[in-house]
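Here is a short report on a protein model. Please look over the sequence and the coordinates before reading on.

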Amino acid sequence: MVTSHLKLHTMVRDKRLLFGVPTLVIFLLILVDFCVISWQKALTQQRQQNLLISAPQDPSRRTVNWDMSVGENLEQYLPYLPDSSMGRLTILAGMSQMYAINDQKPGDRIIVEHLDAALSPSGMRAFGLAAPNMHNEEALLMLLTTLSIPKAHPNYFIYGVCFDKFRNVDLRPGLQRLLGTRPELAQIWRDAALRYRNRYPKAAEKMLASLAAVESTQKKGEVTFEERLRSKVASLLPLVAARQDLNAVTMGQLFELRNWMFHITPQSKRPILQSRYQLNQEFLEMIADVANENHVQPIYYVIPLNPLARNPYVPSQYAAFKVWLQQLCQQKAIPFANLEGTVPSKYWGEFMGGPDYKHFRAEGHAITAQAILREFGPLLGNGGRAQ
Amino acid sequence: MIFTSYTYLLFLSMVFLLYWSMPPRWRNVLLIAASYFFYSTWDWRFGFLLLGISVFNWAYGRFLATRQEANTPLVLGVLVNLVPLLYFKYTGFFLTNLAALVTAAGGGWHLDIPKIILPLGISFFTFQGVAYLVDVWVGEEPFQRLRDFLLFKAFWPQLIAGPIIRPHEIADQILATRHVTQADLAFGCQRILFGFFKKVVIADALSTYIDAVFLRGATPNGVDAIFATFGFGLQIYFDFSAYSDIAIGSARLFGFTFPENFNWPYAAPSPQEFWTRWHMTLSRWIRDYVFTPISFSTRNYPRLALLWLLVAMAICGLWHGAQWTFVAWGCWHGSLLVLNQTALKGIFTLNRKKLSKGAYFIRYLIGWGVTYLMVNLAWVLFRAQDMTSALSMYRAIFTLKGGLHPAVMRENTMVFIGVVALALLALQVARPWLEVNLGQQRPHPLHISGRALVYTAMIVAVIVFDTSSKAFVYFQF
């Protein structure tokens, strides 16, 4: 059948089109959309269980003092960063331990909320920048983000260092978006990479590669249009709206498949990947240098671990990591504490049918905040008192 | 505007609706306007460069049609086409090497290499322009109307990364009143969907893992290097063939039939056949506009043909990028083609009539295995950021550095690469059956439901895995 513009309407009425593959595909997509609508709640819960998003927050809260999008949409939470020209500011950065509360109850508070409450009376505000599985390149991005906003220039950058995050690389899409849409951030990111190219060649190359990847796709103006278009489509199609949830669930299933194939459990000993480890080491050193250079005091601590749970670390590698970190802090005069055994085993929850080795209940958050204040309180101007 | 963005789908739908609702005489004008809009979304300034080159080629082509006896006008026209490419793409390369040479000779020459932004698609539209002038010079009819030529040059599906279309393949289609059948629409939509799936679900997912291994300064072990090498072979195939799929599919929606660019290249049983299946429009261009003219000019010295083959492939490599790694990649392939015709002829030559079924199958497997291995090893040069990185990758591969322990890749990445490779192999094996059973004019109702299910699953996968659109690998050329 030959069709010109005059016959387009006849094509639309053609029964091969009406009863063919296109109609079936549209019907199936509508069906998928209905399924997504009915799964929406379960999908969100699953992401919460996997700590990819934070638990629902108390709507009555008056202050927002952490990035509740946990790295997915930091841009939205940047306006909540306290004004550092009005007082001192501490940034607390780290992985999901910072915001995940096992067996959460209404009114429970996370580490940074405890810190903020304790430090506020002395004129210091605390703000949390955390993301699931956050690694050191992302932590550097968090630091540079605050430095790129004049009013959010922090005085202290406390970073909860987690050994197994040294196996992660690459910026997550939310942070890539942030880097691509904030020219001032991209500029200081590039400057830092070029300035430290000789000292930290791997990290610098990675930073430039991350920036190049972002810039190759996110041209000025188009991002906003593409983003707006995606939001618009998402508002019309539940499947598009739920794509991140579906992606997370699919990836989760694939990881479970991998675990099944390779007999991997949360307790399986997993040797660190050396190249990734070295890259993260350079990033951690660079964070300290960038902070010092910008008159921000970096503070590192080894995150608490459940003393009763078996963790996946190879003991010799973990021991070497702690020694290296301590030496690094001594060498660069970075205040350091090992909070590994700070939280007693009764304050931890469960994960995948066994004791959770990295996420605790509300009490664990309070204890960790107390430990931070005890170790670094005098430095922060609190004298080690918790509220 | 990247092909796999929502913006492109909106753009395509709008142009499609406008196109088919306007009188035929305005359609080419709409396509030209849409193409320039598409190109300007990257950098509007280069739209003028494209327009300038197009107007020159159109006018010069008409002039050249009357000067077919003399070589000089053709050479001049080709040079004018090459100047922007040489300036934008090779200035830095030339100056860097010149400075290195001067320094090596004992001179001290500090040089500030200018940062020149490469106009998107310049390598492709330059080759297209050269092909047009040469074809007109040898007797092809030039475009009479500027409007038609502007469309030939700028039509967006082929503008940025090919297929490199030659005038005779599209001239009639531009001049005629085009029609689409329902089969064309189905074909176009299917190819676009295949392209989205290949790019978003496979190539982009692979790139994340492979980039980490090829990162300058990364210290991959042998296992990482092997998987990354074969993984990159898959990534670039799925990436570039995805682009071609979307280009061919988009063009078909407007009644254009573009030449194919890929034909199961990894099933090739010899390097020579690989180049008839991989980036087919480029290899054809290199053959017709570089290799054949040079060989013809030295036809009295047939042994030189092998040398020209090497030179043509080195130029092909340099076309891909202004780096020695690309030249080395071209030379690698040139050497393979030379070996294909000389020392390894016995391995790569297959003759169905002279061989029994079993012997043919075994010879095919050997030829295929050697070709696949050699083509993939060459990708290291193509992907590595410099020769030092490429050499360290080869060292890691051939010494199996670190034994079986990876330093960069996780086991799930290796499984993913393995699964993609096996799936591609299975598709290659099942291809004859698929072509017979799925290409029927009147498909069985079960086939219709099966297709609908497969397409829906592909659309859902594209939506779910499309966290952000990444640029196509071939955009850098």
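## Model and conventions

This is a predicted model; local features need pLDDT of at least 70, side-chain atom pairs count only at pLDDT 80 or more, and totals for chains, interfaces and linings use all residues. Residues are numbered from 1 along each chain as its sequence is written, chains are lettered from A and ligands numbered from 1 in the order in which they are written, and side-chain values use heavy atoms, with hydrogens and water left out.

## Chain A

Chain A holds 15 helices and seven strands. Both are DSSP runs, numbered from the N terminus: helices are H or I with at least four residues, strands are E with at least two. The chain has 387 residues, and 54% of them are buried. Buried means under 20% relative accessible area, exposed over 50%, and partly exposed in between (1.4 Å probe, protein chains only).

Contact means heavy atoms within 4.5 Å. Take the contacts in chain A between residues at least 6 apart in sequence: 77% of them join residues at least 24 apart.

## The interface of chains A and B

Chain A brings 54 residues to the contact and chain B brings 50. Together the two chains bury about 4,500 Å², with 65% of that on carbon and sulfur atoms. Buried area is the accessible area (1.4 Å probe) that two parts lose on being put together, summed over both. On the chain B side, B:Tyr6, B:Gln182 and B:Arg410 lose the most area to chain A, together 16% of what that side buries.

Three salt bridges cross the interface. The rule asks for a side-chain nitrogen of Lys or Arg within 4 Å of a carboxyl oxygen of Asp or Glu. A:Arg258 pairs with B:Glu411 in a salt bridge, and their closest N and O atoms are 3.9 Å apart.

H19(B) gives the most, with twelve residues.

## A:Lys206

A:Lys206 lies in helix H9 (residues 201–217) of chain A. At 6% relative accessibility, A:Lys206 is buried. Its side chain makes a polar contact of 3.0 Å with that of A:Asp170. Beyond its neighbours within four places in sequence, A:Lys206 has contacts that include A:Glu137, A:Phe283 and, from the other chain, B:Leu215.

## B:Gly121

B:Gly121 sits in the loop between helix H4 (72–104) and helix H5 (122–137) of chain B. At 1% relative accessibility, B:Gly121 is buried. Leaving aside neighbours within four places in sequence, B:Gly121 touches B:Leu159 and B:Ile160.

## Cysteines

How many disulfides does a search of the whole structure find? Zero, over all chains. A disulfide here is a pair of cysteine sulfur atoms within 2.5 Å.

For A:Cys329, the closest cysteine sulfur is in A:Cys162, 15 Å away and too far for a bond. A:Cys329 is buried, at 3% relative accessibility. For B:Cys331, the closest is in B:Cys316, and 11 Å is too far for a bond. B:Cys331 is partly exposed, at 29%.

Note on methods:
A polar contact is a pair of N or O atoms within 3.5 Å; within protein, one must be able to donate a hydrogen and the other to accept it, and residues adjacent in sequence count only if both atoms are side-chain atoms.
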